[in-house]
Amino acid sequence: MSVRPDLSLDIGSLHLANPVMPASGCFGPELGDLIDLDRLGALVTKTIFFDRRSGNPADRLTETGGVMLNSVGIPSPGIDGFLTSVLPRYVASSPPTIVSIGGLTIGEYERVAARLDGVSGIAAIEVNISCPNLEAGGLEIGSDPMAVEAVVRSVVARTSVPIIAKLTPNVTSIVEIAQAAEAGGATAVSAINTLLGLGVSLEARRPLLGNGAGGVSGPAIKPVALRMVSEVAQAVRIPVIGVGGIATARDALQFLAVGAAAVQVGTATFTHPDSMLRVIDGIEAWMRERGLHSLGQITATIGKRAPERADVAASALPRIRATALEAPMGHP
Amino acid sequence: MVSGAPSLRSYRLTTLEDDGADFRVRPMLIRAPVLRNERLISDYWQLTLDAPAVADGAQPGQFAMLTIARQDGLTPLLPRPMALCRWDRAAGSIDVVYRVVGEGTAALTTWRSGEQMTTVGPLGTGFKLRAGASTILLLGRGIGTCSLTALALRGVSEGVRVVAVASRRDKQAAAGAALYGGDGSIEIIDVLDTDGSSDPAAVRRELLRRFDVTGPDQIFVCGSERLLRLAADLGDSHGAEVQVSIEAHMACGIGYCHGCSSGAPGLGEEAPLVCTNGPAFRVARGALA
């Protein structure tokens, strides 16, 4: 096959040249010193709050038992600092910019979204719902379906760009949360955020991180993320962006195969700063080897939706099944 | 770098990056071939990488992020910040000295000549050697000495008198005088825990003897909270500027992950980042309570 595979896709009005983008928090324009950012499907900012805020006390991150544990605490320049000094550095690159927003109350999400509305260069908003809700005793907004629907609905009402709800895995039913985001009018969901964890130093008799608990990330969480993305993709009609432990093209292809429309790469960028480029190259090479010409031939080919896909190349499907499926589907 | 950054909260640190003394180059991502990776003594190792892009722009006190996981591997997950101990611009090589203290550094010993290591550098705001400084004092302990060696060589090349305290546990700890090289142009005070010579009071007596007429213009410290306290004290009494290199857990090394905030208060909403605002910082006068 000499035809170059088409890696592009659309999420609402958001057009991506390829399905690979950074996970919020694991990226900044500084990375442009090391890799060509123009090759990415999209850029995703750190979570922006309305007001300036500092991060958490040291230590903010560590590696333990093969995973990364972090509680950086999302330091933010606030919406004014973001618009004047951060956003221009993103817009200088050609991929669409997705702005991650946060809030400690539903009202804060609304105010941030309203300030972003109509600002040139913002292609979409990702709503980080893994923030403590100060109006509900610090309970994570993302763990309450009613709060999620309310936040998404209020953000959608104040902006014209696509809204992506970033789902936390620290819930009993992520499907229920995803459906709430869909009901609130989200264009897409991304899953998953980090898993809540704790590292302990026996010698120092205190947690490894200054803030106590933190978020677990890295390749070890991939099976958790794949399971959740697979379930969510089957339960909602909006696109799902898969994130969690993706480090290689094969990881990304597994997410696409269980129904993700696109993927985000987080911790792997720390290990090898060019991980995202290698994922893009690897997806393209994998498609070329199999004579696949579009992502649609991969998306949701594993799982309940697979039999409905009439457009899947007959020769491709069995090989995808044979090579991409590492974990049993359904409940582990 | 001084470990245990949280205890540095008792010091007021200010950033050196606005001093404009050094030209900081854009960091590069390279796959650096390993030239040598050899044990120096006991658990101390020296790694030499073929990394002209890093060597070209390196300044004393800067570091590189070395990914110990091989190119197709993910373990360990996080790269390690390593002080640039020495570099050779003509040869295009950089040296780092590391001590095997955990799984990551143990894995680093398995790297062989010819293998290519994911490397990002040069990184960070290094030490600032003032124009006109005639004498500088370097206080280094253990592996922290490696952050000071390049500065010593820079000082010597600029005709500055360099006095270096090289503190270590015992003679099985490599990170002492040997790291400064042996050409005699640096006045090295090699002190050990085993004979009590590394005790800060003993180090102070020796330094007062050396500096009985003229004190140092600048003091640079790395690797020990006790030596930092001594440096701050000597800085106050001699009217010398004190700079410290500090250590922190970090993931990106270039400023976007914010994992390495120094926790130093008093500099705006978000504390300075060790990776870009540091690792070298100025210790404010009268820092000791």
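How many of the 289 residues of chain B count as buried? The share is 55%. Keep in mind that this is a predicted model, and let the close-up views below take you around it.

**Figure 1. Chain B as a whole.** This view takes in the 289 residues of chain B, of which 55% count as buried. Its secondary structure comes to five helices and 14 strands. Now look at how the chain folds back on itself: among contacts in chain B between residues at least 6 apart in sequence, 70% join residues at least 24 apart.

**Figure 2. The side of chain B that touches chain A.** Here the two chains meet, with 30 residues of chain B in contact with 34 residues of chain A. What kinds of residue does chain B bring to this contact? Its side divides into 18 nonpolar, nine polar and three charged residues.

Figure 3. A:Gly28 sits in the loop between strand 3 (20-22) and strand 4 (43-44) of chain A. Is this glycine buried or exposed? A residue counts as buried if 20 or more other C-beta atoms lie within 10 Å of its own, and A:Gly28 has 20, so it is buried. Leaving aside residues up to four places away in sequence, A:Gly28 touches A:Lys46 in its own chain, and B:Gly255 and B:Tyr256 in chain B. A:Leu43 is 15 residues from A:Gly28 along the chain, and the C-alpha atoms of the two are separated by 8.5 Å.

**Figure 4. Helix 2 of chain A and its buried face.** Find helix 2, residues 106-116 of chain A, and pick out its buried residues: A:Tyr109, A:Val112, A:Ala113 and A:Leu116. Why do they line one face of the helix? Seen down the axis of helix 2 of chain A, the buried residues fall within an arc of 95 degrees, so they share one face. These residues pack against helix 1 (78-91), strand 7 (97-101), strand 8 (122-128) and helix 3 (145-158) of chain A. After the helix comes A:Gly118, which has a positive phi near 80 degrees.

**Figure 5. A:Gly142, a buried glycine in a loop.** The loop between strand 8 and helix 3 of chain A holds A:Gly142. This residue is buried, with 28 other C-beta atoms within 10 Å. Which residues does A:Gly142 touch, not counting those up to four places away in sequence? They are A:Ile129, A:Ser130, A:Val148, A:Leu167, A:Thr168 and A:Ile177.

**Figure 6. Helices 6 and 8 of chain A.** Two packed helices are described by the angle between their axes and the distance between the axes. Helix 6 (residues 249-257) and helix 8 (residues 275-290) of chain A pack at an angle of about 65 degrees, with their axes 8 Å apart. That angle makes helix 6 of chain A roughly perpendicular to helix 8 of chain A. The crossing is right-handed. From helix 6, the contact uses A:Ala249, A:Ala252 and A:Leu253, and from helix 8, A:Val279, A:Gly282, A:Ile283 and A:Trp286. By type, these residues divide into six nonpolar, one polar and no charged.

**Figure 7. Helices 4 and 5 of chain B.** Move to chain B, where helix 4 (residues 200-210) and helix 5 (residues 225-238) pack at an angle of about 35 degrees, their axes 10 Å apart. Helix 4 of chain B passes helix 5 of chain B in a right-handed crossing. B:Pro200, B:Val203, B:Arg204 and B:Leu207 of helix 4 make the contact with B:Arg226, B:Leu227, B:Leu230 and B:Leu234 of helix 5. This contact has six nonpolar residues, no polar ones and two charged ones.

**Figure 8. Two residues with positive phi.** Phi is near 50 degrees for A:Ile74 and near 55 degrees for A:Arg205. A:Ile74 lies in the loop between strand 6 (67-70) and helix 1 of chain A, and is buried, with 21 other C-beta atoms within 10 Å. A:Arg205 lies in the loop between strand 12 (200-201) and strand 13 (206-207) of chain A, and is exposed, with 7 other C-beta atoms within 10 Å.

**Figure 9. Cis peptide bonds.** A cis peptide bond joins A:Ala58 and A:Asp59, with omega about -10 degrees. A:Asp59 is in the loop between strand 4 and strand 5 (61-64) of chain A. In chain B, the bond from B:Gly121 to B:Pro122 is cis, with omega near -5 degrees, and B:Pro122 lies in strand 8 (residues 116-123).

Note on methods
Residues are numbered from 1 along each chain as its sequence is written. Chains are lettered from A and ligands numbered from 1 in the order in which they are written. This is a predicted model: local features need pLDDT of at least 70, side-chain atom pairs count only at pLDDT 80 or more; totals for chains, interfaces and linings use all residues. Two residues are in contact if their C-beta atoms, placed from the backbone, lie within 7 Å. Ala, Val, Leu, Ile, Met, Phe, Trp, Tyr, Cys and Pro count as nonpolar, Asp, Glu, Lys and Arg as charged, and the others, Gly among them, as polar. A residue is buried if 20 or more other C-beta atoms lie within 10 Å of its own, exposed if 12 or fewer, and partly exposed in between; C-beta atoms are placed from the backbone. Helices (H or I, at least four residues) and strands (E, at least two) are DSSP runs, numbered from the N terminus. The arc is that of the directions from the helix axis to the C-beta atoms. Axes are lines fitted to C-alpha atoms, for helices over the stretch in contact, and angles run from 0 to 180 degrees between N-to-C directions. Angles under 35 degrees count as roughly parallel, over 145 as roughly antiparallel, 65 to 115 as roughly perpendicular and the rest as oblique. A crossing is left-handed if the near helix is turned anticlockwise from the far one by less than a right angle, and right-handed if clockwise.
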